[in-house]
Structures are given as C-alpha cells and as structure tokens.
Amino acid sequence: MSSLLDPLNPEQLQAVTLPNQHALILAGAGSGKTRVLTTRIAWLIQTGNATPAGLLAVTFTNKAAREMLTRIAAMLPISTRGMWIGTFHGLCNRMLRAHHRDAGLPPLFQILDTQDQLGAVKRLLKSLDVDEDRYPPKQVQWFINDRKEEGLRAKDVVVHDEAGRRYTELFAAYDEQCQKEGAVDFPELLLRCFELLQRNEPLRAHYQARFRHILVDEFQDTNRLQYRWLKLLAGKENAIFAVGDDDQSIYAFRGANVGNMADLEREYRVQNVIRLEQNYRSHGNILDAANALIAHNRKRLGKNLWTAAGEGEPLRVYEAASDGYEARFLAEEVQSLLREGCARRDVAILYRSNAQSRVIEHALFTQGIPYRVYGGLRFFERQEIKHALAYLRLLANPDDDGALLRVVNFPARGIGARSVEALQDAAAAGGTSLWQAVPRVAGKAGAAVGAFVKLIDTLRASTQGLPLPEVVAHALQASGLRAHYKAERDGADRVENLEELVNAAAAFVQDEGYGAQAPAADAGDAAQLPVPDPLGQFLAHAALESGENQAAEGTDAVQLMTVHSAKGLEFHTVFITGLEEGLFPHEQSATEQDGLEEERRLMYVAITRARTRLYLSFAQTRLLHGQTRYNVASRFLDEIPAGVMKWLTPRDRPVVPDSAWQAAPAPARYRKEPGGGAPHLPFRIGQSVVHAKFGQGVIVNAEGSGTDARVQINFGPQGMKWLQLEYAKLQAA
DNA sequence: AATCCGTCTATTTTT
DNA sequence: TAGACGGATT
C-alpha cells in the first residue's frame, strides 16, 4: 500500500488521501497533476473507499483519458475495461446509448462532427430558401452551439431583434431536422444527457448512487453546461475532486469558464483547496520568468511555482530583422542543439497562429532538419474516410440524409443535381427521409437513385453478420471508392488511408473485445440495451475520436505547433517565436473581454513547456496576408525580469542587413544611398522612433508631404497613432 | 463531370 | 500571399 503513495510530496499526498469530500486541487504546470489524479483513483480503490464501477473520471481529450487508464492499470491489478473514465462527450454518448429511449433517440443515432454539422446547417438553409449572405451557415452553427452550451433550447432563447428571431427559428428547424435524421451534434450529446438526467429522477438517483466519486481533469476548461452536468451527477452526497489551473485557462474562446473554479468552491463549500506548486519540470530561471509574467494578471486564484532544481540557463532572447531571419536563426540554433546531442523530438518551436509555421518549415527544410507540424487534418476528417464512413452510416441508418447526399453520386454514377433535386422534392412532399422518398421519384432520376438504393441494400445483405473489418472492406469495394481513388492521379495516399480504415476497424473490434460481452452497461437498463452493435459503436468512435495527425507520432523530428496545442506537453528546449505586439498578444484579443489576460496565460503555458532551455524571439518585419507588417516587440518581453534573460542581439539596437530590406524601404540610417521615394520625409517606414508621450514605436505608414506629412506609428501597448510630423517631436530610436 | 475562375478570408481547438 | 469555396463554363 505504501508503495502507491511513496513518490508523492506532502501536498500531493494530502490531495490523494483526502477523505470523501469535495476538493479543488490547484495544480500548477509540471506539478504532477496527472499523477495525483490517477493515484487518487488507485488509492480510493485500494483502500475500499470506492469500487472501480463506483467512480467517474472525466477529461477533455481521448488522449488524457487513455493516459489515465494506462497509468491506473499500471498501479492496480484490475481491469480498467468498463470503468467510467472518458471525455465529457464519450461518457454522455455512453449514457445516451444505454438510455436512448428515455432520451428520445433512436438506438443507432449518429454523431455529427463539426464538419457534418455545418453540412447539415447548409442543407437546412437551402431547403428553407434562406439567404446565406444574411445568415451565413457558420454563424448559424455558432449561434446554435452557443445556445446549447448555455443549456438553452430554441424555445428558451430570449429574442431581442429580428435577426435573433430568425436565428432562433433556424435553431428550432435544425433540431427538428436532426431529430428526424437521428443525428446528434457535439453540444447536443452534452445537452441531451443533461436534460435526460434532469428530467428523469429515478435515473438521476441511480447514477448518483453509483458514482460516489467524480473526478474532473482540467477543470478550468469546463464550460457552463459541463459544470451543470457535473452538478446533476454529484447531487448532494457525492464527492467532486476537481483538478485544474486557472493560470492555464486558454480556451475561453470556445466557451471555457474559469469562473467554474470559484463557483465550485463557493457552491460546494469546498474545504479542501490544495495548491500543488512544486514544479518538477523546469529550471529556476524559467519558472521565475513564468511567475513574474503571470503576476501581471489581476484575475487569479493565486499560486507560485518553485523548484528544487537549480536556476539553470538564462532565457535567450533574439531580435530578428524579419520573419525570414528569425526562421533562419531558429534553424541554425536547432542544428547546433542537435549536434550537441539533443534529441529532435525534445525540441519544440511554438507560435501563436498556424500561419507562422510556413517560414519556419521552409528554413528547417533548407537546413535538412526533420520536423513534424501538429494540427491540420486528422484521420477521420479526411475526405476519403468521410466518404467511406458515409456508406457505413447508410448501412446502419438509411434515413441519414447527410450521408446519402454525400455519396449518392460519389463515385460518380450519373445521379446529377437534377436527380438529387427530384429526390429532395419527393422527400419534402412526403415528409420523409430521402431514402424513403426514392420509390416516389419517377423517370430516369428514379431509376438512377433506385439503383443506388439497391447497391446499399445489397451491400447490407451481403455483409450481414460479418466481422466489422470485413464489412468495411466490402463497403470500400462495392461502393467503388477504392477503385475511384486507385484511378485518380494523386490517389495513392487516399487508397492507403482507406486500407488504414480497415485496420482501424480491426483494432477497434479488438480493443472493445467484441464477441466477449457487450460494453459495460447498467443493471436495470438491460431491457433498453441495444444488441452488441460493432458498426454503430465504430461510427460513434470515428466521430468522437478524430484520430492521429498525418505525421507519425513515433518519428524523431523537431516539433512545430501552436502554443495551444503545446499545452500539457514538455520539451528539453522550447522556442517561443513571433513575440510581437499584434501577434502575441494577438491583436484580435484586444477586443475580447479579458483578452489580454488570456494571451498572457497562453504565454505562461508556452514558457512552462521548457525543461532546460528556452528561447524567445521576434522579428521587426513580418509578411502577413501578403502585407509587410512592422511590429514592436511583445510587451511580454518587458514583463519578464531582465535578470533571467540574455539578449543574443543588442537590445533595442536592431541589426538590419540591407538584404532584409529589399522588399521594404530601408530605414534611413542603414541606407547607403539616399532613397528616391515620393514623400520626402526625415523618417522611413519601418524605422523605430521615440515619442515624448507614447514612447517607442515603429513607423508603419506615411502620407502627404511638407507640412501635411503624417506618419502612422505602432506604439505597441499605446496603440496605433497617426501623427502630424510638423508637431510630433519624433526622434530616431 | 471536370475544370476554371473569381471571390473571400485570414487567431487559438477538442469533442 | 495562398488556400478554400462556389458558381459557371466547357
């Protein structure tokens, strides 16, 4: 028993061995958060405080859930299969499958991912003849999801204006369409499950009696609906063990509500607030930088990281003349790090927005350094996979209009827009799904769609009872998808992905242990239990787990990613790039409530990814959206104590090689010859200047001449200003 | 049915 | 600048 608790420090130990009461664990970056969570679960089970079936643990990503299961399995000699550990969406899906009738859903309801949902919205707008310029599909989708995450149905929405009324109507129509098609989008999984528990008292009581312990990972990322869902499950008796870090809350833009932490503490009178502040990851200088930076935020629960490790190296700061030079610096620095023996995968280059990766990739490629870019399309989001899944969805549920429309003429089989329209008219007239409307379509169109129906029916009959991977393989064959991509010029990758789908199905069947028993359900719900249904489960899996990125995870390569995707990871060396006002902090954040504080938390996350070496870099010039932009250094650089930084370039004394200014006019002082530009100014675009009141800035634009001459200056924190040259006493910096 | 062309847009992202 | 998308063309 002691071995389980041995590796813990006093605070971790206290958290792990808390009595059965509510607890809020403020777990700083690198403080052993996952260890505490998993050891808590193991300890609860080992001491008999809980049974494996009596606890529920919820995470945000499948990866986090998997890691938890793996670590528990390593600590305890129990089977983790059937334990309720998963994502919010995964757990809700599980509950809705078990109680689909009570939830008002068909047993084989389909899950719409974000793409599918947008498609469904577009389809709806078309059928209602809505002007897509006035009501853009994306806006409608956003409106719907936003309401759902507030726990609202269309009938609950308070309408203020005409547009709001229209949006709300569309919301209602959308939900109706989904219901008819047996489709459930992501927020709907949560809301349906929430409503089910709220409405159905016996069911709620059943789950409350079962889950005496509710553990939540990354609690700062929960949205309002998720919190309310947790509260329903927790009831009055059960213990919530929430782990989170308000300083790492970086998802407000997608609905995360840090306020849930304070609410939990207040509403549940949490006596046990434990701070995990000892950091096991980074050296002292890195933590000093992080602590000093985040201290600039006003809204905090308060926390200070410390380490027993030494102060380590100073942070290295580099100012580049342009984004291209910054990238070249990165590549050269990485090269020498690798020569010193640092593993490629232990080096990360971080940036605020994806568009920044391009230049960096170019530089790494030129240097011949293998790299891997995170983000982009995942396996189950690929076009060919979506097509294949659409055929499988039609096998499971022919009334799935979205799936039918996707593949009715793909690969091309002579069912053109006219035929599809005829089919849609027939469906609208009869108030049925497209599939059911097929017999009512006359003429040539009728024959064509009839053939498609026959294709699907034949496929269903011929795969009846076959193991899932074989069903998938047959579908690829009979649909003509494989042949189609084989014939395509650049289709080799797609064919490969399709083959991979068969493997994914095989792996899924293996992991879920089909044939042995149905996935764990509850006593008392047996009557509603669907027959073991590998296909339906696999389709849900495909929607809920979008799968790996294109690049293989195992390859040893330098890692390129946004700061957001770096959360939760750590590296020997981290480069934080593009530290410029307008980029990081991003200019868009200025318009958002508490936007700057969130940007600062983002920077905090970035800094705390580094174990031993941290580089900070920025560029004077950056090409963005085809335009050259002149930025001032990020204010975050000023918020880090000078004592922990070492400037690799002279501070505030930019070194500008002439060649960097080929595209833009060079600052006067670097010009060998006087320029022949039109407005004859004592200053040049791109030049750093000092203003008595606004401080240091960079000239980004100029117009007029003589006494009319005005220049636009980016003063960073002080904002962008147009100044009359005659009056503004500008000095070259 | 495929290809071309103009238009639009351009933080961050998981499920 | 570049990529995605939708409509129109061939």
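Here are a few friendly notes on the helix packing, cores and strand pairing in this predicted model.

1. Some ground rules first. Residues are numbered from 1 along each chain as its sequence is written, and because the model is predicted, local features need pLDDT of at least 70, side-chain atom pairs count only at pLDDT 80 or more, and totals for chains, interfaces and linings use all residues. Side-chain values use heavy atoms, with hydrogens and water left out.

2. I would start with the largest nonpolar core, which has 50 residues. Such a core is a set of buried Ala, Val, Leu, Ile, Met, Phe, Trp, Tyr and Cys residues joined through side-chain atoms within 4.5 Å; buried means under 20% relative accessible area, exposed over 50%, and partly exposed in between, with a 1.4 Å probe and protein chains only. L392, F452 and F538 have the most contacts inside this core. Its largest share, nine residues, comes from helix 16 (residues 383–396). Helices (H or I, at least four residues) and strands (E, at least two) are DSSP runs, numbered from the N terminus.

3. F538 deserves a look of its own. Setting aside neighbours within four places in sequence, F538 is in contact (heavy atoms within 4.5 Å) with F380, L389, L468, L501, A504, A505 and F508. Apart from this core lies another, of 44 residues, with L24, F109, M261 and Y268 among them.

4. Next, helix 16 against helix 21 (residues 468–479): their axes come within 10 Å and cross at roughly 110°. Helix 16 is therefore roughly perpendicular to helix 21, a label for angles of 65 to 115 degrees; under 35 counts as roughly parallel, over 145 as roughly antiparallel and the rest as oblique. Axes are lines fitted to C-alpha atoms, for helices over the stretch in contact, and angles run from 0 to 180 degrees between N-to-C directions. A388, Y391, L392 and L395 in helix 16 meet V471, V472, A475, L476 and S479 in helix 21.

5. Helix 16 also packs with helix 20 (residues 443–463), at an angle of about 75° and with axes 10 Å apart, so these two helices are roughly perpendicular. On the helix 16 side, Y391, L394 and L395 meet F452, I456, L459, R460 and T463 in helix 20.

6. Finally, strand 9 (residues 315–322) is mostly covered, with eight of its eight residues buried. Strand 9 pairs (at least two DSSP bridges) in the parallel sense with strand 14 (residues 610–624) over six bridges, where E319 stands opposite F618. Strand 16 (residues 645–647) pairs with strand 9 in the parallel sense over three bridges, and W647 is the bridge partner of V317.

Key. Chains lettered and ligands numbered in written order.
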